[in-house]
Amino acid sequence: EVLNLTGNRLRGPGLSSLCHGLVVNTKLKELYLADNLIDQEPDDLQGLSDLKDCLLQPNLALTYIDLMYNRIGAIGGQILLPIIENIKIKDFLVDLTVPKEIFEKLFRRSTGGKKKKKGKGKKG
């Protein structure tokens, strides 16, 4: 299951509302939240905190989250750092509006599909 909310101007309050539904969803795999005017205002930071709490739920099936083109900055990045504990999340996209040291901890991009094995040589 995929939910693409790119460019919907959710801001922090919309993100908080979305999180209420996400915590009970066990099927959603990909969540696109790019370009949603999520900034560093108090409401935006609350929305990011709600997202963090949501992403730490054990029943969550999400493996891909895109937060690109939101200006979450250092404070927003710090709020989201605990999600690195969630090993189910293979892709977590943020941009360089977060400081480099936080970006390097937070940003994840999986390598994609499995690599093909080379053919085995004949024995004997």
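This is a predicted model: local features need pLDDT of at least 70, side-chain atom pairs count only at pLDDT 80 or more; totals for chains, interfaces and linings use all residues.
Reader: Why is Lys52 called buried?

Author: Its relative accessibility is 18%, and buried means under 20%, so Lys52 counts as buried. Lys52 sits in helix α2, residues 42–55.

Reader: Which residues does Lys52 touch, leaving out those up to four places away in sequence?

Author: Lys52 touches Ile79, Leu80, Pro82 and Ile83. Contact here means heavy atoms within 4.5 Å.

Reader: How do you know that the span of helix α1 agrees with what it should be?

Author: Helix α1 covers residues 11–22, twelve residues in all, and at 1.5 Å a residue it should span 16 Å. The end C-alpha atoms of α1 are 16 Å apart, so the two agree.

Reader: Which residues of α1 are buried, and what do they pack against?

Author: The buried ones are Gly12, Gly14, Leu15, Ser16, Leu18, Cys19 and Leu22. They pack against β1 (2–4), β2 (30–32) and α2.

Reader: What makes β2 and β3 a pair?

Author: Pairing takes at least two bridges between the strands. Three bridges join β2 to β3 (residues 64–66), so they pair, and they run parallel. Across that pairing, Leu31 stands opposite Ile65 in β3.

Reader: And why are β1 and β4 said to stand at the edges?

Author: The four strands form an open sheet in the order β1-β2-β3-β4, with parallel pairing. β1 and β4 (91–93) each have a single partner strand, so one side of each is left without a neighbour in the sheet. Neighbouring strands of this sheet are turned by 5 degrees against each other on average, ignoring direction.

Definitions and conventions. Residues are numbered from 1 along each chain as its sequence is written. Side-chain values use heavy atoms; hydrogens and water are left out. Helices (H or I, at least four residues) and strands (E, at least two) are DSSP runs, numbered from the N terminus. Buried means under 20% relative accessible area, exposed over 50%, partly exposed in between (1.4 Å probe, protein chains only). The expected span of a helix is 1.5 Å times one less than its number of residues. Axes are lines fitted to C-alpha atoms, for helices over the stretch in contact, and angles run from 0 to 180 degrees between N-to-C directions.
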